[in-house]
Amino acid sequence: MAAKTGTYTLIASNTLAAITTEITFSSIPATYTDLVVVVNYKANNGGKYLTMRLNGDTGTNYSRTEIFADGTSITSQNLTNESYAYINSVYASTGTWATFILNLNDYSNTTTFKSIVTRSNSSTYVGMNANLWRSTAAINTIFLTALGSGYDVGSTFKLYGIEAAK
Amino acid sequence: MALNLFKIETIEITNITSSITFSNIPQAYTDLKLVGSVRSNVGNPYDFIYFYLNTPGVGAYTQRLIRGDGSSVSTQTNSVSYYPLQMINGNGATSNTFGSFEVYIPNYRGSGEKSFSVDIVSETNSSGIYMDIQSGLWNQTAAITAMTLASGSGLYLPYSTFTLYGIL
(Lines give C-alpha, C1' and ligand atoms only; values in the text may rest on other atoms or scores of the structure.)
Protein backbone atom coordinates (compact mmCIF):
# COMPACT_ATOMS: atom_id res chain seq x y z
CA MET A 1 0.00 0.00 0.00
CA ALA A 2 1.55 3.29 -1.04
CA ALA A 3 1.70 6.24 1.32
CA LYS A 4 -0.11 9.47 0.59
CA THR A 5 1.87 12.33 -0.81
CA GLY A 6 4.20 14.12 1.55
CA THR A 7 6.90 11.65 2.52
CA TYR A 8 10.50 10.62 2.05
CA THR A 9 12.06 11.17 -1.33
CA LEU A 10 15.47 9.70 -1.95
CA ILE A 11 17.76 12.47 -3.14
CA ALA A 12 21.06 10.59 -3.18
CA SER A 13 22.41 7.19 -2.19
CA ASN A 14 25.90 5.77 -1.94
CA THR A 15 26.97 2.19 -1.24
CA LEU A 16 30.71 1.94 -0.79
CA ALA A 17 32.78 -0.31 -3.01
CA ALA A 18 36.04 0.80 -1.33
CA ILE A 19 37.10 2.07 2.08
CA THR A 20 36.27 5.76 2.25
CA THR A 21 36.90 8.41 4.88
CA GLU A 22 34.57 11.14 3.65
CA ILE A 23 31.17 11.15 2.02
CA THR A 24 29.75 14.22 0.35
CA PHE A 25 26.19 15.04 -0.55
CA SER A 26 26.39 18.05 -2.83
CA SER A 27 23.99 20.16 -4.88
CA ILE A 28 21.18 19.41 -2.45
CA PRO A 29 17.96 20.84 -3.87
CA ALA A 30 16.19 23.46 -1.76
CA THR A 31 12.76 22.13 -2.64
CA TYR A 32 12.03 20.13 0.52
CA THR A 33 11.11 21.18 4.02
CA ASP A 34 13.50 18.86 5.89
CA LEU A 35 16.38 16.51 5.21
CA VAL A 36 17.12 13.10 6.72
CA VAL A 37 20.45 11.31 6.38
CA VAL A 38 20.52 7.59 7.17
CA VAL A 39 23.89 5.88 7.50
CA ASN A 40 24.57 2.20 8.08
CA TYR A 41 28.30 1.78 8.25
CA LYS A 42 30.95 -0.75 9.09
CA ALA A 43 33.95 0.66 10.90
CA ASN A 44 37.34 0.11 9.33
CA ASN A 45 40.60 0.07 11.29
CA GLY A 46 38.97 1.02 14.55
CA GLY A 47 35.93 3.19 14.42
CA LYS A 48 36.44 6.75 15.44
CA TYR A 49 34.20 9.73 15.62
CA LEU A 50 32.19 11.38 12.97
CA THR A 51 32.43 14.98 11.98
CA MET A 52 30.05 16.86 9.78
CA ARG A 53 30.62 20.08 7.91
CA LEU A 54 27.92 21.98 6.12
CA ASN A 55 28.52 23.86 2.87
CA GLY A 56 32.26 23.38 3.41
CA ASP A 57 32.33 25.83 6.30
CA THR A 58 35.60 25.32 8.22
CA GLY A 59 35.07 28.22 10.63
CA THR A 60 34.41 27.79 14.33
CA ASN A 61 30.70 28.06 13.77
CA TYR A 62 29.55 24.77 15.26
CA SER A 63 28.43 23.82 18.75
CA ARG A 64 26.86 20.76 20.28
CA THR A 65 24.99 19.35 23.23
CA GLU A 66 25.03 15.59 23.46
CA ILE A 67 24.26 12.65 25.63
CA PHE A 68 25.71 9.19 25.08
CA ALA A 69 26.31 6.02 27.05
CA ASP A 70 28.13 2.73 26.72
CA GLY A 71 26.06 0.63 29.08
CA THR A 72 28.20 1.53 32.08
CA SER A 73 28.45 5.28 32.19
CA ILE A 74 26.55 8.22 30.74
CA THR A 75 28.10 11.40 29.44
CA SER A 76 26.41 14.66 28.64
CA GLN A 77 28.35 17.68 27.51
CA ASN A 78 28.16 20.97 25.72
CA LEU A 79 30.97 22.28 23.54
CA THR A 80 31.11 25.54 21.66
CA ASN A 81 32.93 27.23 18.79
CA GLU A 82 34.11 24.06 17.10
CA SER A 83 35.20 23.81 13.49
CA TYR A 84 33.14 20.69 12.86
CA ALA A 85 29.83 19.34 14.02
CA TYR A 86 31.12 16.44 16.09
CA ILE A 87 29.03 13.37 16.74
CA ASN A 88 30.81 11.38 19.40
CA SER A 89 28.47 8.52 19.91
CA VAL A 90 28.85 6.97 16.47
CA TYR A 91 32.10 5.40 17.64
CA ALA A 92 32.20 1.76 16.60
CA SER A 93 34.95 -0.81 17.00
CA THR A 94 36.64 -2.39 14.00
CA GLY A 95 34.41 -4.55 11.86
CA THR A 96 31.19 -3.72 13.65
CA TRP A 97 28.14 -2.10 12.14
CA ALA A 98 26.54 1.09 13.32
CA THR A 99 23.56 3.21 12.39
CA PHE A 100 22.96 6.88 12.71
CA ILE A 101 20.13 9.11 11.56
CA LEU A 102 20.45 12.87 11.14
CA ASN A 103 17.51 15.22 10.91
CA LEU A 104 18.17 18.62 9.38
CA ASN A 105 14.97 20.59 9.74
CA ASP A 106 14.08 23.67 7.74
CA TYR A 107 17.47 23.33 6.07
CA SER A 108 16.83 25.68 3.17
CA ASN A 109 15.69 28.77 5.03
CA THR A 110 18.02 31.75 4.84
CA THR A 111 16.89 33.44 8.05
CA THR A 112 17.81 31.20 10.97
CA PHE A 113 20.82 29.23 12.16
CA LYS A 114 20.56 25.49 11.48
CA SER A 115 20.14 22.80 14.11
CA ILE A 116 20.70 19.11 13.50
CA VAL A 117 19.42 16.28 15.66
CA THR A 118 21.21 12.95 15.45
CA ARG A 119 20.37 9.55 16.88
CA SER A 120 23.38 7.29 16.85
CA ASN A 121 23.65 3.59 17.50
CA SER A 122 26.75 1.43 17.51
CA SER A 123 27.91 -1.70 19.25
CA THR A 124 29.72 0.59 21.68
CA TYR A 125 27.45 3.56 22.26
CA VAL A 126 23.93 4.84 22.08
CA GLY A 127 23.41 8.55 21.94
CA MET A 128 21.71 11.69 20.78
CA ASN A 129 23.26 14.91 19.55
CA ALA A 130 21.99 18.41 19.05
CA ASN A 131 24.37 20.28 16.76
CA LEU A 132 24.10 23.93 15.82
CA TRP A 133 25.59 25.55 12.75
CA ARG A 134 25.63 29.30 13.20
CA SER A 135 24.87 30.21 9.63
CA THR A 136 21.76 31.46 7.90
CA ALA A 137 22.81 29.94 4.58
CA ALA A 138 20.66 27.24 3.06
CA ILE A 139 22.34 23.86 3.39
CA ASN A 140 23.42 22.66 -0.03
CA THR A 141 26.31 20.34 0.83
CA ILE A 142 26.94 17.86 3.64
CA PHE A 143 30.35 16.36 4.36
CA LEU A 144 30.50 13.33 6.67
CA THR A 145 34.02 12.42 7.75
CA ALA A 146 35.11 9.43 9.82
CA LEU A 147 38.00 10.76 11.88
CA GLY A 148 41.07 8.55 12.04
CA SER A 149 39.29 5.70 10.38
CA GLY A 150 37.11 4.96 7.41
CA TYR A 151 33.79 3.62 6.30
CA ASP A 152 34.23 0.04 5.13
CA VAL A 153 32.97 -1.62 1.98
CA GLY A 154 29.22 -2.14 1.98
CA SER A 155 28.45 0.91 4.11
CA THR A 156 25.40 2.79 2.87
CA PHE A 157 24.61 6.51 2.94
CA LYS A 158 21.26 7.91 1.96
CA LEU A 159 19.91 11.42 1.81
CA TYR A 160 16.16 11.92 1.88
CA GLY A 161 14.08 15.02 1.40
CA ILE A 162 10.77 15.37 3.20
CA GLU A 163 8.04 17.37 1.59
CA ALA A 164 5.19 18.98 3.40
CA ALA A 165 1.95 17.07 3.16
CA LYS A 166 -0.19 17.99 0.15
CA MET B 1 10.14 12.22 -8.02
CA ALA B 2 9.07 8.91 -6.61
CA LEU B 3 7.63 8.72 -3.15
CA ASN B 4 9.63 6.43 -0.97
CA LEU B 5 7.84 5.67 2.30
CA PHE B 6 5.38 2.81 2.02
CA LYS B 7 3.18 1.14 4.56
CA ILE B 8 3.69 -2.61 4.32
CA GLU B 9 1.21 -3.71 6.98
CA THR B 10 -0.61 -2.60 10.11
CA ILE B 11 -1.60 -5.10 12.77
CA GLU B 12 -4.20 -3.91 15.26
CA ILE B 13 -4.94 -6.02 18.29
CA THR B 14 -8.63 -6.84 18.57
CA ASN B 15 -8.40 -9.63 21.17
CA ILE B 16 -5.86 -10.00 23.93
CA THR B 17 -2.84 -11.49 22.22
CA SER B 18 0.59 -12.76 23.21
CA SER B 19 2.46 -12.26 19.95
CA ILE B 20 2.29 -10.72 16.49
CA THR B 21 4.44 -11.43 13.43
CA PHE B 22 5.20 -9.59 10.23
CA SER B 23 6.09 -12.36 7.81
CA ASN B 24 7.14 -12.43 4.18
CA ILE B 25 8.52 -8.91 4.43
CA PRO B 26 9.05 -7.70 0.85
CA GLN B 27 12.67 -7.46 -0.24
CA ALA B 28 11.91 -4.42 -2.33
CA TYR B 29 13.01 -1.63 0.02
CA THR B 30 16.28 -0.42 1.48
CA ASP B 31 15.19 0.27 5.07
CA LEU B 32 12.42 -0.77 7.43
CA LYS B 33 10.64 1.32 10.01
CA LEU B 34 8.44 -0.28 12.66
CA VAL B 35 6.10 1.90 14.70
CA GLY B 36 4.05 0.67 17.66
CA SER B 37 1.43 1.97 20.06
CA VAL B 38 1.11 -0.68 22.73
CA ARG B 39 -0.41 -1.44 26.11
CA SER B 40 -0.33 -4.77 27.91
CA ASN B 41 -2.50 -6.25 30.63
CA VAL B 42 0.29 -6.62 33.19
CA GLY B 43 -0.49 -4.92 36.48
CA ASN B 44 2.61 -2.71 36.44
CA PRO B 45 2.69 0.71 34.79
CA TYR B 46 5.20 -0.70 32.32
CA ASP B 47 5.95 -3.87 30.41
CA PHE B 48 8.35 -4.93 27.67
CA ILE B 49 8.36 -6.81 24.37
CA TYR B 50 10.51 -9.66 23.11
CA PHE B 51 11.58 -8.54 19.65
CA TYR B 52 12.92 -11.14 17.20
CA LEU B 53 14.19 -10.85 13.65
CA ASN B 54 13.48 -13.75 11.31
CA THR B 55 13.33 -16.92 13.40
CA PRO B 56 13.04 -16.52 17.19
CA GLY B 57 16.05 -17.98 18.96
CA VAL B 58 18.45 -17.62 16.04
CA GLY B 59 21.40 -15.32 16.65
CA ALA B 60 22.20 -12.96 19.49
CA TYR B 61 21.22 -9.38 20.17
CA THR B 62 23.18 -6.64 21.83
CA GLN B 63 21.46 -3.65 23.36
CA ARG B 64 22.79 -0.40 24.75
CA LEU B 65 20.36 2.07 26.16
CA ILE B 66 19.93 5.34 27.97
CA ARG B 67 16.83 5.52 30.18
CA GLY B 68 15.12 8.34 31.96
CA ASP B 69 12.34 7.91 34.49
CA GLY B 70 11.62 11.53 35.27
CA SER B 71 14.08 11.80 38.10
CA SER B 72 17.25 9.99 37.09
CA VAL B 73 19.10 8.66 34.05
CA SER B 74 20.65 5.22 33.71
CA THR B 75 22.36 3.06 31.10
CA GLN B 76 22.40 -0.66 30.44
CA THR B 77 24.04 -3.21 28.19
CA ASN B 78 22.23 -6.45 27.44
CA SER B 79 23.36 -9.40 25.34
CA VAL B 80 20.58 -11.90 24.93
CA SER B 81 18.86 -14.24 22.49
CA TYR B 82 16.03 -11.76 21.97
CA TYR B 83 15.90 -8.00 21.84
CA PRO B 84 14.09 -6.57 24.88
CA LEU B 85 12.01 -3.63 23.72
CA GLN B 86 11.64 -1.76 27.00
CA MET B 87 9.37 -0.05 28.13
CA ILE B 88 5.80 0.08 26.88
CA ASN B 89 2.71 0.82 28.95
CA GLY B 90 1.25 -1.81 31.22
CA ASN B 91 -2.25 -1.88 32.60
CA GLY B 92 -1.10 -0.20 35.80
CA ALA B 93 -0.59 3.00 33.83
CA THR B 94 -3.31 5.63 33.51
CA SER B 95 -6.32 4.32 31.62
CA ASN B 96 -6.27 4.73 27.86
CA THR B 97 -2.51 5.39 27.73
CA PHE B 98 -0.32 3.49 25.32
CA GLY B 99 3.44 3.34 25.01
CA SER B 100 4.97 4.36 21.68
CA PHE B 101 8.07 3.03 20.00
CA GLU B 102 9.91 3.24 16.72
CA VAL B 103 12.50 0.82 15.37
CA TYR B 104 14.54 1.90 12.33
CA ILE B 105 16.50 -0.80 10.51
CA PRO B 106 18.64 0.44 7.64
CA ASN B 107 20.01 -1.87 4.97
CA TYR B 108 17.83 -4.77 6.12
CA ARG B 109 18.68 -6.81 3.02
CA GLY B 110 22.43 -6.20 3.36
CA SER B 111 25.07 -8.83 4.01
CA GLY B 112 26.32 -7.29 7.24
CA GLU B 113 25.14 -7.68 10.80
CA LYS B 114 21.98 -5.72 11.41
CA SER B 115 22.31 -2.50 13.38
CA PHE B 116 19.15 -0.66 14.35
CA SER B 117 17.87 2.33 16.27
CA VAL B 118 15.09 2.23 18.86
CA ASP B 119 13.20 5.06 20.56
CA ILE B 120 10.56 4.24 23.17
CA VAL B 121 8.38 6.43 25.31
CA SER B 122 5.61 5.74 27.79
CA GLU B 123 3.64 8.09 29.95
CA THR B 124 1.17 7.67 32.75
CA ASN B 125 0.64 11.08 34.35
CA SER B 126 2.56 9.69 37.31
CA SER B 127 5.94 8.26 38.23
CA GLY B 128 7.15 4.74 37.49
CA ILE B 129 7.30 5.10 33.73
CA TYR B 130 10.23 5.39 31.34
CA MET B 131 11.67 6.71 28.11
CA ASP B 132 14.59 5.10 26.29
CA ILE B 133 16.91 5.59 23.40
CA GLN B 134 18.49 2.31 22.40
CA SER B 135 21.12 0.93 20.06
CA GLY B 136 20.46 -2.60 18.84
CA LEU B 137 22.60 -5.09 16.97
CA TRP B 138 21.65 -8.55 15.67
CA ASN B 139 24.74 -10.61 14.92
CA GLN B 140 23.29 -12.29 11.85
CA THR B 141 23.95 -11.46 8.20
CA ALA B 142 20.73 -12.85 6.72
CA ALA B 143 18.25 -10.52 5.08
CA ILE B 144 15.36 -9.69 7.37
CA THR B 145 12.22 -11.44 6.17
CA ALA B 146 10.15 -11.55 9.35
CA MET B 147 9.69 -9.81 12.69
CA THR B 148 8.02 -11.19 15.77
CA LEU B 149 7.00 -9.09 18.75
CA ALA B 150 6.07 -11.28 21.69
CA SER B 151 4.54 -9.71 24.76
CA GLY B 152 6.62 -9.62 27.93
CA SER B 153 5.00 -10.08 31.32
CA GLY B 154 1.48 -9.40 30.07
CA LEU B 155 -0.53 -9.74 26.88
CA TYR B 156 -1.25 -7.08 24.28
CA LEU B 157 -4.50 -5.28 24.89
CA PRO B 158 -6.99 -4.32 22.16
CA TYR B 159 -6.27 -1.12 20.23
CA SER B 160 -2.56 -1.76 20.37
CA THR B 161 -1.16 -1.25 16.87
CA PHE B 162 2.01 -2.22 15.04
CA THR B 163 2.81 -0.75 11.62
CA LEU B 164 5.70 -1.74 9.39
CA TYR B 165 6.93 0.66 6.72
CA GLY B 166 9.36 0.11 3.87
CA ILE B 167 11.62 2.91 2.75
CA LEU B 168 13.29 3.17 -0.63
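In this predicted model, Arg67(B) and Asp132(B) form a salt bridge in which the closest N and O atoms are 2.8 Å apart. The pair links distant parts of the chain, since Arg67(B) belongs to strand β5 (residues 61-68) of chain B and Asp132(B) to strand β10 (residues 131-138) of chain B, 65 residues apart. Both Arg67(B) and Asp132(B) are buried. Over all chains, the structure holds six salt bridges, and two further pairs are described below.

**Chain A: Arg64(A) and its partners**

- Arg64(A) forms a salt bridge with Glu82(A), with 2.8 Å between the closest N and O atoms.
- This pair, too, links distant parts of the chain, as Arg64(A) sits in strand β5 (residues 62-69) of chain A and Glu82(A) in strand β6 (residues 74-82) of chain A, with the two residues 18 apart.
- Both members of the pair, Arg64(A) and Glu82(A), are buried.
- Arg64(A) and Glu82(A) also belong, together with Glu66(A), to a network of salt bridges.

**Chain B: Glu102(B) and Lys33(B)**

- Glu102(B) forms a salt bridge with Lys33(B), and here the closest N and O atoms are 3.9 Å apart.
- Because Glu102(B) lies in strand β8 (residues 99-105) of chain B and Lys33(B) in strand β3 (residues 31-38) of chain B, the pair ties together parts that are 69 residues apart in sequence.
- Glu102(B) has a relative accessibility of 31% and therefore counts as partly exposed.
- Lys33(B), with a relative accessible area of 15%, is buried, because the cut-off for buried is under 20%.

How values were computed: Residues are numbered from 1 along each chain as its sequence is written. Chains are lettered from A and ligands numbered from 1 in the order in which they are written. This is a predicted model: local features need pLDDT of at least 70, side-chain atom pairs count only at pLDDT 80 or more; totals for chains, interfaces and linings use all residues. Side-chain values use heavy atoms; hydrogens and water are left out. A salt bridge is a side-chain nitrogen of Lys or Arg within 4 Å of a carboxyl oxygen of Asp or Glu. Helices (H or I, at least four residues) and strands (E, at least two) are DSSP runs, numbered from the N terminus. Buried means under 20% relative accessible area, exposed over 50%, partly exposed in between (1.4 Å probe, protein chains only).
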